[in-house]
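These notebook entries record what I looked up in one protein structure. I kept them in the order in which I worked.

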Amino acid sequence: MKIRSVLLLACFSLAGCSTVSQMSWSSLSPFSWFGSDLTLSDSGLNNITASTALDEATLDKALDGDYRLRKGMGIENGQMVSYYEALNGEKVELVIHGDANNRVSRIDVMDKAVKTPKGTAVGTPFADLYSKAFGVCQVAEDDSGNVICRSQESSHISYVFSGEWMGSKSIIPPDDKLKTWTIGKMVWQSQ
């Protein structure tokens, strides 16, 4: 009876392996059971910095295998560039962009679990960080109506705020409107 149970368990285990091919096996490690704390700082995202090579194995290791990586290519400032999207399920949580030398040049953070050293994260209200937009914010160039503000923590980090505003997308909303806007994305740039 015990042998039959073991054989059935072995068959189910082997059959199930094909369905978990996209699973990150490093997530089975006891070190990742409680999640990893990613911090966006002046130097980058944890161990991902301007000197990090833009390749899947390096990024996967730096992210502790917590995301599924998907490679893409695009054109930026007239040059072909590569990037990796880091997905949690089907949701893009990070986009890691490369430069012409295949090094990390920019990291877009949409994952609410990623914080700066002072605790700023996606979802933080404008009013928690700034009293006014003048001198630190500008309208996003992509016609989204979003507002981009320089971080007070680092010259390499900026925050993309979004919210309700019935005015023109080409001007910054008044400070009393911006108070309720929240960070939708944090951006680290090497330069």
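**Entry 1. Strand pairing.** I began with a rule: two strands pair if DSSP finds at least two bridges between them. The model I examined is a predicted one. I looked up β5 and β6 and found that they pair in the antiparallel sense over 5 bridges. In this pairing, V95 stands opposite D108 in β6. The hairpin of β5 and β6 has 5 residues between the strands, and there N102 takes a positive phi near 60°.

I then turned to the other partner I had listed for β6. β6 and β10 run antiparallel and are joined by 4 bridges. Here I107 stands opposite W188 in β10. I also checked burial: because 6 of the 6 residues of β6 are buried, this strand is largely enclosed by the rest of the structure.

**Entry 2. Salt bridges.** How many salt bridges does the count come to? I recorded 3 salt bridges.

D108 has 5% relative accessibility and so counts as buried, the cut-off being under 20%.

Next I looked up E85, which forms a salt bridge with R70, the closest N and O atoms being 2.6 Å apart. Since E85 lies in strand β4 and R70 in strand β3, the pair ties together parts that are 15 residues apart in sequence. E85 is buried, with a relative accessible area of 17%, whereas R70 is partly exposed at 35%.

The salt bridge of E90 with R68 has its closest N and O atoms 3.3 Å apart. This pair links distant parts of the chain, 22 residues apart: E90 is in the loop between β4 (79-88) and β5 (91-98), and R68 is in strand β3 (residues 68-76). Is E90 buried or exposed? I found 67% relative accessibility for E90, so this residue counts as exposed. R68, at 25%, counts as partly exposed.

**Entry 3. The nonpolar core.** I asked which residues have the most contacts inside the largest nonpolar core. They are L45, I48, L63, V114 and F161, in a core of 34 residues. The elements that give two or more residues to this core are α2 (56-62), β4, β5, β6 (104-109), β8, β9 and β10.

Not counting residues up to four places away in sequence, L63 touches L38, L45, I48, L69, A86, L94 and I96.

**Entry 4. The surroundings of S151.** I located S151 in the loop between β8 (147-150) and β9 (157-162). S151 is buried, with a relative accessible area of 9%. A polar atom of the S151 side chain lies 3.4 Å from the backbone nitrogen of S154. Leaving aside neighbours within four places in sequence, I listed Y130, I157, S158 and Y159 as the contacts of S151.

**Entry 5. Confidence.** Lastly I checked the predictor's confidence. The mean pLDDT of the protein is 85, and 81% of its residues reach 70 or more. Which element has the lowest mean pLDDT, and which the highest? Helix α1 (residues 2-17) has the lowest, at 45, and strand β10 (residues 182-189) the highest, at 98. Over residues 4-34 the pLDDT is below 50. Beyond near neighbours in sequence, I noted 11 contacts for this stretch in the model.

Conventions:
Residues are numbered from 1 along each chain as its sequence is written. This is a predicted model: local features need pLDDT of at least 70, side-chain atom pairs count only at pLDDT 80 or more; totals for chains, interfaces and linings use all residues. Side-chain values use heavy atoms; hydrogens and water are left out. A salt bridge is a side-chain nitrogen of Lys or Arg within 4 Å of a carboxyl oxygen of Asp or Glu. Buried means under 20% relative accessible area, exposed over 50%, partly exposed in between (1.4 Å probe, protein chains only). A polar contact is a pair of N or O atoms within 3.5 Å; within protein, one must be able to donate a hydrogen and the other to accept it, and residues adjacent in sequence count only if both atoms are side-chain atoms. Contact means heavy atoms within 4.5 Å. pLDDT is the predictor's confidence in each residue, from 0 to 100. A nonpolar core is a set of buried Ala, Val, Leu, Ile, Met, Phe, Trp, Tyr and Cys residues joined through side-chain atoms within 4.5 Å.
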